[in-house]
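Subject: Structure for your review

Dear colleague,

Please find the structure below, together with its sequence. My notes on selected strands and on one helix follow it.

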Amino acid sequence: MPAGTLTFLFTDIEGSTKLQTELGTDRYQDVLETHTRILRDAFKDGGVEIRVEGDALFVVFPVAAKAVRATAAAQRALAAATFPHGATVRVRMGMHTGEGRPATADAGADYVGIDVNRAARVAAAGHGGQVLLTDATATLARPDLGDGVSIRDLGEFRLKDLATPEHLFQLVITGCVPDFPPLRTLDRAATFLPAQPSSFIGREREIAEGQRLLEKARLVTLTGPGGTGKTRLSLRIAEEAANGFGDGTFFVPLAPITDPELVPSTIAHSLGVQVSGSEAPLTRVIDHVRGKQMLLVLDNFEQILGAATVVGQLLGASPVLKVIASSRAPLRIAGEQEFPVPPLDLPDPERLPALEVLAQSDAVRLFVERAMAVRPDFRVTPENAAPIAEIVYRLDGLPLAIELAAARVKVLTPQAMLPKLRQGLDVLASTARDLPERQRTLRGAIEWSWNLLEVPERRLFARLGVFVSGGMLPQIEAVGCPGGELGRDILEVLSALVEQSLVRQSEVGGEPRFRMLVTIGEFALEKLAESGERDEIAERHALAYLALAEEARTHLQGEGQKRWLDLLEADHDNIRAALDWAIGRGRAEHASRMTFALWRFWQVRGHLTEAAQWCDRVLALGFENVPPLVRMRAYEAAGGIAYWRGDIPKGLDTYAKALELADAHGDLEDQANAAYNLAFIYGVPLRDNDRALRLLDTAREKWKRVGNAAGLGRASWGVATFLQLGRRGEIDPSVLERALAAASEALAVHRAGTNRFDLAWSLHLTGMIHLKMSQFAKASADFREAASIFEADNDLTGLGIIASDSAELAGAQGQREKQATLIGLAYAISRRAGTGLLGDISRQDARTKPEDLAPELRPAFERGGAMDLTAGIAYALEDSAATTPRST
């Protein structure tokens, strides 16, 4: 191999994995051959091919100018080429000139030295069709670039694993695309931080200090009272530090949770980590972050300090992971660097500087900017300068307090505001001397806003403290103003609170949603306790969310399914609080009704692990005073969750108890439904089809007696399900005909009704029967229609089964690579949903499982597991040209 001063060139196809997935192995091979032939032809003049790895080439040139001219020729040829199967191929190229030292035979490599790595990193930073080169290569090649080629200076960039920034240039080639997106460098590290609704004022020193501390410590905890601006400052520090974390910067909001046990699952959700029903969230998160260069921003940790050990375990999993936490108290774990957040810079009201200097104080700048948001003509003047200085001084430079005060300039000048603020602070200091000074200061700002409220506004403000993460108007009215008891229209009172900046308004599904900042919500709860109404309002809150859950339950399988699922998702924190209230007070009937109303939401939206915990807590309550039919429904909810999780012993126990109660106390509808549910425990996981069919016969007979057509359709669906279970090709054709007849009967019933859930699952079933009868076109059509319903309603469990169905279809048609890809997709979706049902169905149907795949198909399986949900389902439902099985 050449040695000495060499230009190292790396190339690879942009999006090659996606292209291969779309084309399949055979067709992709045709494209790859054309691509490689074009590059070799362009590089043969002066280039020495060192190796080819898949779609990537490594070539060295003794002369830098020849390398530049060769890459220009290659890009022109690629742009002019027509690739097989209509494929579009874009190749990124990068080069660097340095010392080429061939490796020894024992080293097992081709070249050694940092210059080869540098060239590889340069290539990885580019985009398809782009040619990048370092300053060394550009300097040597510039005198002899060739016709139609010029060099564009892009500037300095930080590349992965390289200690110093690299000055990069781009070839501009006549006939080729000249402009590309920003380079894929550490300067553009992935950040998942929330956008902020207003500008960030000041704190330059604190940002710099935070970065300095983060450089030497792996856990930096920003501490201080509520309203200090810890969250905003932590986000700014993270934004400035993000480029140093190649695996991303993530924000984890912890304010809505109070149970330390929920911290791992909350972090998993923010990181996009899928956790199955049988996996521990902490284990999955630790596996995910292991070895990754990542920055986590954990916000509002003070109420779950018991979870501090979780942070320690995450830091132990990766030596390059770092954490910024915001909390009113330090976490007290090894390696923590506490960073007390100081107040904003304050002017001395006793020695005011010139107006121009005063306006540059951070605290005054914040006051003025927020005041201008409500009064655009607001300015610092000789008349209001002293009052503004005293206002921000009395508020100790706390951002939240200043923002609340600034919002008042809509109705009060600073001069008029100051006496009210003085009075409020004095009163608070004299009545709450057992509190720390900083809390009295913040409390004074909020207390002052409270004192400006009229009586109905104060009452609603206090009652809003019971809501977690806000609430929608119907529930706020039920809790805060039932029967118009405030004496004013609820919207009028809410609008006043929004105007006072005590409540924030947003929109969810076209409907208004109202929420308080955490610190203001805490103050509201204190006022609620002082009012003597706290127990009554908490009960109203629990009843309001029971009513919402029970109203939603009737819509969760109909035309408005997605809207109601989304409403429950938006208020999941309130639902948790309501359920926790009922369980904590031993309200077994209330809690039972809630779990029954919510279990289908939990199943569809992938909350199965949490749902199982709620059901366990409810079933542990004393049921002595609970009506038997309410107990029956609690057992039905627990059985449903257990069935979908694949927890068969618990499902059998709870479904059997539900049937016992139904037979003893229920009507024919209750008895039929309970028998139907229990049939599926025996029929799918336990493989006792005879008993399952007897239970279905019982359900069918009772539904027939009451004239329930939908129930008869469900019974037919169950019969068809159990008849068709088994490996394709091993089921008696006459049995499949019976199964198809029963499934078609169920499908006709469900098409005539409005139950989207039953319709989608009927289509899944007819599709599988058609597949086992080798009627592939019909199977594909059924799967496609079912998927459209599951996708519209974001039903993860259903989508996981459809992906598995489609994998079986691909396998039946000899498409082994597609089958492996879809198996990976199906298992990934099922893990995300927390369901164990796919494993039960796979065993009964003898479906191909991950462990059955040949080694050469593992890459396809992994690709499927990493696919985006929407793209994966689209890939699963692509039409296939094959209509009969291929030989395998």
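Strand β4 is joined to strand β5 (residues 111-112) by two bridges, and the two run antiparallel. Within this pairing, Arg101 has Val112 in β5 as its bridge partner. Strands here are DSSP runs of E with at least two residues, helices are runs of H or I with at least four residues, and both are numbered from the N terminus. Two strands are said to pair if DSSP finds at least two bridges between them.

Please note that this is a predicted model, in which local features need pLDDT of at least 70 and side-chain atom pairs count only at pLDDT 80 or more, whereas totals for chains, interfaces and linings use all residues. Residues are numbered from 1 along each chain as its sequence is written, and side-chain values use heavy atoms, with hydrogens and water left out.

With strand β6 (residues 131-134), by contrast, β4 pairs in the parallel sense over three bridges; Met93 stands opposite Val131 of β6. Nine of the twelve residues of β4 are buried, where buried means under 20% relative accessible area, exposed over 50% and partly exposed in between (1.4 Å probe, protein chains only).

A separate point concerns an open, antiparallel sheet of three strands in the order β15-β17-β16. Its edge strands, β15 (471-472) and β16 (504-508), each pair on one side only. Five bridges connect β16 with β17 (residues 511-515), and Glu507 has Pro512 in β17 as its bridge partner.

Finally, I turn to helix α32. Because 17 of its 17 residues are buried, α32 is largely enclosed by the rest of the structure. Its end C-alpha atoms lie 25 Å apart, which agrees with the 24 Å that 17 residues should span at 1.5 Å a residue; the expected span is 1.5 Å times one less than the number of residues. At the start of α32, a side-chain oxygen of Asn755 comes to within 3.1 Å of the backbone nitrogen of Phe757. Just after the helix, Ser774 adopts a positive phi of about 65 degrees.

Thr766 lies in α32 (residues 756-772) and is buried, with a relative accessible area of 2%. Apart from neighbours within four places in sequence, Thr766 is in contact (heavy atoms within 4.5 Å) with Ala743, Ser744, Leu747 and Asp782.

Yours sincerely

Conventions: Polar contact = N/O pair within 3.5 Å; in protein donor to acceptor, adjacent residues only side chain to side chain.
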